Amino acid sequence: MTTTTSQAPRLRRLLTLEETADALRRTPSQLRWLMHTGNCPASALVGGRRMFDAESVAAWLDEQFAQVS
């Protein structure tokens, strides 16, 4: 008899466009423009809504600060 162990899927903390804009001190319109120009954290459509992974947003911010250091 073989035993298989299954791991629970990794759940991400997702932020809406509005929550991400607030965290970045931008308006949702400004964040949409940053998305258009490719100067923002990665995002994905999840169930028809634009969502950002909180860890990815934090990593993107770290990268922005590292560039000016």
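Lys and Arg count as positive here and Asp and Glu as negative, while His and the chain ends are not counted. Each charge is placed at NZ of Lys, CZ of Arg, CG of Asp or CD of Glu. On that basis the protein has 8 positive and 7 negative side chains, and the centres of the two sets lie 5 Å apart.

This is a predicted model, where local features need pLDDT of at least 70, side-chain atom pairs count only at pLDDT 80 or more, and totals for chains, interfaces and linings use all residues. Residues are numbered from 1 along each chain as its sequence is written, and side-chain values use heavy atoms, without hydrogens and water.

The protein holds 3 helices and 3 strands, in the order β-α-α-β-β-α from the N terminus. Its radius of gyration is well over the globule rule, so the protein is more spread out than a compact globule. The radius is taken over C-alpha atoms; the rule is 2.2 Å times the number of residues to the power 0.38.

| Quantity | Value |
|---|---|
| Radius of gyration of the protein | 16 Å |
| C-alpha trace along principal axes | about 55 × 35 × 20 Å |

Buried residues make up 22% of the 69 residues. Buried means under 20% relative accessible area, exposed over 50%, partly exposed in between (1.4 Å probe, protein chains only).

T20 sits in helix α1, residues 17-23. Helices (H or I, at least four residues) and strands (E, at least two) are DSSP runs, numbered from the N terminus. T20 is buried, at a relative accessible area of 0%. Leaving aside residues up to four places away in sequence, T20 touches L15, L31, F52 and V57. Contact means heavy atoms within 4.5 Å.
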